Amino acid sequence: MGSLNIGQADSVPILDLDKVLNPTKQTKESKVEFLHELQDALFNYGFFYLKNPPFKLSKFSNIKQQSLKFFNDLPLDEKIKIHGINSKHFLGYNGLGDELTASNIDWREQVEFGTELPVPKINSSDELYKNIEGPNLWPNDLILPNFKETITDYIDELSSLARILVRLIEETLNIPIGTIESNFFKQIQQAKLKIIKYPDLENLQDEIKQISKDLNKPLNINQGVGEHRDNDLLTFIYQATNHNSLQVKDFHGNWINIPPIENTLVFAVGLTLEFITQGACISTVHRVLTPIPGEGDRLSISFFQTINIDSIKKILPIDQYIKELIKKRDSQRIQNKIGFQFQVDGNKPIGYSVFLNRIKSHPKVGAKYYPEVLKYIQEEVAKASDI
Ligand SMILES: O=C(O)CCC(=O)C(=O)O
Ligand SMILES: [Fe+2]
């Protein structure tokens with residue numbers, strides 16, 4: 001754990017899940033080796049590949065196929081029926097230019113689903129945050145048969161993998177196994193799936209001019225998604241096309257490419273995991289560049305394991321020797337400042353700040369369903385930019 005590899009590296013580690021999850025291949029030694037590699041990857045990178053996931057690889061091709069059908073075969077008016085503006089739960093479809101990161105347009109089109117949950121009961125305005133969970137908007141199943149089943153199955157599969165990873169993380173950090181689940185997971189714990197298309201902008205020059213005119217500012221067209229850290233517990237990214245667009249920032253501020261590797265997930269530590277492990281797991285800044293003109297559209301499918309929005313944020317016990325290594329590591333890396341984000345208020349349920357950040361990213365949804373909250377957010381953002 002002591003080495004600071006990301007300082008020198010031009011790639012991130014590749015961890016082999018066969019070492020712990022394949023009954024015909026795993027041994028006592030392979031498990032020890034895996035836990036050691038996992039510790040280094042969490043501590044020094046926060047971003048790494050996971051190969052040999054414990055499910056049928058056809059699940060990757062199935063979800064890729066259904067995602068392409070969604071973007072290519074579903075007519076625009078059907079996409080609009082499930083537009084995010086029709087979901088007070090921040091689910092559904094968002095077109096080009098609907099989302100902002102670090103105040104710039106993200107050049108991507110996306111559709112978001114969650115673990116299927118009922119409309120929450122809200123008893124007072126303090127509980128509005130509960131609306132970050134709720135039922136999905138599904139596309140017309142006469143046009144996209146099998147879509148819902150495929151998505152639901154993929155979310156279930158990755159939710160199981162997330163629980164497995166959580167236990168391995170506990171094991172490698174010497175945290176009693178089960179602590180994270182018992183403190184931060186509900187029986188049906190929500191996860192989110194974002195299916196994202198980053199279009200080849202060569203074909204979209206007119207749209208770019210129009211959006212630029214509407215917003216009255218020149219646009220940075222390289223931003224597929226701007227630099228950020230993920231807010232959730234952990235993220236699994238499936239890069240479904242062969243584009244070299246995803247990048248992470250190393251300890252010195254240099255970008256490292258994360259090219260796709262077939263049938264392999266990319267694991268990212270979220271800010272929640274960084275917080276509860278007191279920094280033993282590090283959440284890494286990353287971004288996506290738009291495809292090089294002529295390279296075709298990029299497709300990426302990101303799974304985010306979230307935690308119980310009603311829980312209060314608290315930290316887990318971390319061994320003293322790890323805390324000292326954290327201090328040493330952090331004194332050697334540059335600190336990144338990335339835009340304004342609402343931080344967790346230790347006295348309020350975690351969902352409260354998640355809700356504010358969601359409205360900040362989706363102001364149109366905020367204006368329609370939560371105008372008072374949006375007003376508050378805009379005032380806070382203005383104050384923060386005065387500092
Ligand atoms: O498109 C990708 O590969 C990653 C997307 C991402 O970082 C995000 O949506 O948080
Ligand atoms: Fe991300």
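1. Let's start with strand β12, which spans residues 264-269 in this predicted model. The strand is mostly covered, with six of its six residues buried. That holds on both faces: Thr-264, Val-266 and Ala-268 are buried on one side, and Leu-265, Phe-267 and Val-269 are buried on the other.

2. Now for the strands paired with β12. Strand β2 (residues 47-51) runs antiparallel to β12 and is joined to it by five bridges. If you want a spot to look at, Tyr-49 stands opposite Val-266 of β12. Strand β9 (residues 234-239) is also antiparallel to β12, here with four bridges. Thr-235 has Ala-268 of β12 as its bridge partner.

3. Which residues lie around ligand 1? They are Lys-194, Ile-196, Val-225, Asp-230, Ile-237, Gln-239, Leu-246, His-286, Val-288, Ser-300 and Ser-302. Two or more residues of this shell come from each of β7 (191-198), β9, β13 (286-289) and β14 (298-305). Sorted by class, the shell holds five nonpolar, four polar and two charged residues.

4. Finally, a helix pair worth a look on your screen. Helix α3 (residues 58-73) packs against helix α5 (residues 147-172) at an angle of about 135°, and their axes are 10 Å apart. Angles over 145 degrees would count as roughly antiparallel and 65 to 115 as roughly perpendicular, so α3 and α5 are oblique to each other. The crossing of α3 past α5 is left-handed.

Technical notes
Residues are numbered from 1 along each chain as its sequence is written. Chains are lettered from A and ligands numbered from 1 in the order in which they are written. This is a predicted model: local features need pLDDT of at least 70, side-chain atom pairs count only at pLDDT 80 or more; totals for chains, interfaces and linings use all residues. A residue is buried if 20 or more other C-beta atoms lie within 10 Å of its own, exposed if 12 or fewer, and partly exposed in between; C-beta atoms are placed from the backbone. Two strands pair if DSSP finds at least two bridges between them. A residue is near a molecule or strand if its C-beta atom, placed from the backbone, lies within 6 Å of it. Ala, Val, Leu, Ile, Met, Phe, Trp, Tyr, Cys and Pro count as nonpolar, Asp, Glu, Lys and Arg as charged, and the others, Gly among them, as polar. Axes are lines fitted to C-alpha atoms, for helices over the stretch in contact, and angles run from 0 to 180 degrees between N-to-C directions. Angles under 35 degrees count as roughly parallel, over 145 as roughly antiparallel, 65 to 115 as roughly perpendicular and the rest as oblique. A crossing is left-handed if the near helix is turned anticlockwise from the far one by less than a right angle, and right-handed if clockwise.
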